[in-house]
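Please consider the following structure with attention to its aromatic side chains.

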Amino acid sequence: MASSEYSSINTFHKALYAGSISCTEQVRYYLDRIAQSKQLNAFVEVFEEEALEKARELDARIQAGEPLGSLAGVVVGIKDVICYKGHRLSAASHILEGFESLYSATAVERLLAADAIIIGTLNCDEFAMGSTNENSAYGPVLNALDTSRVPGGSSGGSAVAVQADLCLVSLGSDTGGSVRQPADFCGIVGLKPTYGRISRYGLIAYASSFDQIGIFGKNIADVAAVLQVMAGPDEYDSTASQKEVPDYQVALSHNKSWKFAYLRDALYHDGLDPEMKHGYIDFFESLVASGHTVTGTSFEYLDYVVPAYYVLTTAEASSNLSRYDGVKYGHRTSEQNIELTDFYKKSRSEGFGKEVKRRILLGTFVLSAGYYDAYFTKAQQVRRLVTDKLNEILDQYDAILMPTVPSTAFKLGEKTDDPIAMYLADIYTVLANLAGVPAISVPLHRHSNGMPYGVQIITKKFDEANLLRIAQHLMAEEQVATV
């Protein structure tokens, strides 16, 4: 019978091909877990019959001795902003109520081609806008470690699904930290690849020059296996990189001493929890003792990254979300005999939630004629400075180590009345999105309040092989240290 002992793709596949377990049993195990964990509110929809049918088909192919894909029987959940043909897609918003996707995202097509089983869609902040998963039309997702706390956002459902063992791996999207921050809050692995490493075709756009599909898992090998399948060029996305995809699995086995940088401005920032700061200092000292080099470096633009990020992303959001007008699909106001402009206003006011409206209005403001140069152009200049400075550091070091977030998971409702405080919580994650570089959050520590926190690792563009290798090594070292 399936159980949580098959908590990695490798152990599951060994048992599957040895005949100790079937795909059907594994799917039933996860369906039972999902049913028992409804209070967490992680899933928007569960594809029970479809997942079981796919599992039975794979079992039959195994019995017949047919070759299967690299993710055969791996149970995956996908965030409710990623298209899956013939399935409902809402971005956790009333404005897309009843909408059914007409095609599948390239990432989803590649998972299915590798024989993965998609078990359902996962709750998130509306249109991926939020850091707590409290901005969803379906209500908040709860952190499985402490249900009085948020799981992080916007990919909160995707993080909790892996955290609570409701699927083996899951997909989220990361515009400013929406994979890494919930991964940190939930004590799991969260990867944001380089911008363009995974096709964005079929990902609902929030801020097109920032968005990237990301991966949640419990270990680095699983994340590497899923990235291997999804990465690569795509004729449907002109921003998808043409670069060759290396073998991420082989790369994990390499071991050496690395040169790390940490950003002093991040480690000694007033907003960082003092206990976490001391935890990072101890961690860096342990790395030096293990033979690595860890050097502090300055990053004078840190306090500018959040304002620049929110100016640029809200501007792009105001443009991207203009397509939701109540005419072609989704929510339409029931009010009759009104002018077209009033129809748009009514439909959008009724369909969008508070946070989405706030960001659309802010984005429209910074793009307006009198303020474009003062805000949007200036933010683009900051983005260039941040990118150049980050690349300058990465030219000298193998990776940058820094906190993922300034605190552990906070209580539900704690920051909902203070959007500025909420936005400032993204101070450490938006860097990677502004520069388009890959970043991963790995769980390493436990706070005295009982909640996990990890370290964020950043490398050069398209250097995911090195990023995953370092993450694997650091997690292994920390596990040895805590035994």
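This is a predicted model: local features need pLDDT of at least 70, side-chain atom pairs count only at pLDDT 80 or more; totals for chains, interfaces and linings use all residues.

The charged end of lysine 259 is placed over the ring of tyrosine 397, at 5.3 Å from the ring centre.

Contacts between rings come next. A pair of aromatic rings is described by the distance of the centres and the angle of the planes. The structure contains 23 aromatic pairs. One of them joins phenylalanine 210 and tyrosine 309: the centres are 5.6 Å apart and the planes stand at 85 degrees, so the pair is edge-to-face. This pair links distant parts of the chain, 99 residues apart, with phenylalanine 210 in the loop between strand S5 (189-192) and strand S6 (213-217) and tyrosine 309 in helix H11 (residues 302-320). Phenylalanine 210 is buried at a relative accessible area of 1%, and tyrosine 309 is buried at 3%.

Tyrosine 262 and phenylalanine 284 form a stacked pair, because their planes are at 20 degrees, with centres 5.0 Å apart. Tyrosine 262 belongs to strand S7 (residues 259-263) and phenylalanine 284 to helix H10 (residues 274-289), so the pair ties together parts 22 residues apart in sequence. Tyrosine 262 is buried at 15% relative accessibility, as is phenylalanine 284 at 6%. Elsewhere, ring pairs link Phe99, Phe127, Tyr324, Tyr329 and Phe352 into a cluster.

Tyrosine 375 lies in helix H14 (residues 372-396) and counts as partly exposed, because its relative accessibility is 36%.

Key:
Residues are numbered from 1 along each chain as its sequence is written. Side-chain values use heavy atoms; hydrogens and water are left out. Helices (H or I, at least four residues) and strands (E, at least two) are DSSP runs, numbered from the N terminus. Buried means under 20% relative accessible area, exposed over 50%, partly exposed in between (1.4 Å probe, protein chains only). Rings of Phe, Tyr and Trp (its six-membered ring) pair if their centres lie within 6.5 Å; planes under 30 degrees apart count as stacked, over 60 as edge-to-face and the rest as tilted. A charge sits over a ring if NZ of Lys or CZ of Arg is within 6 Å of the ring centre and within 35 degrees of the ring normal.
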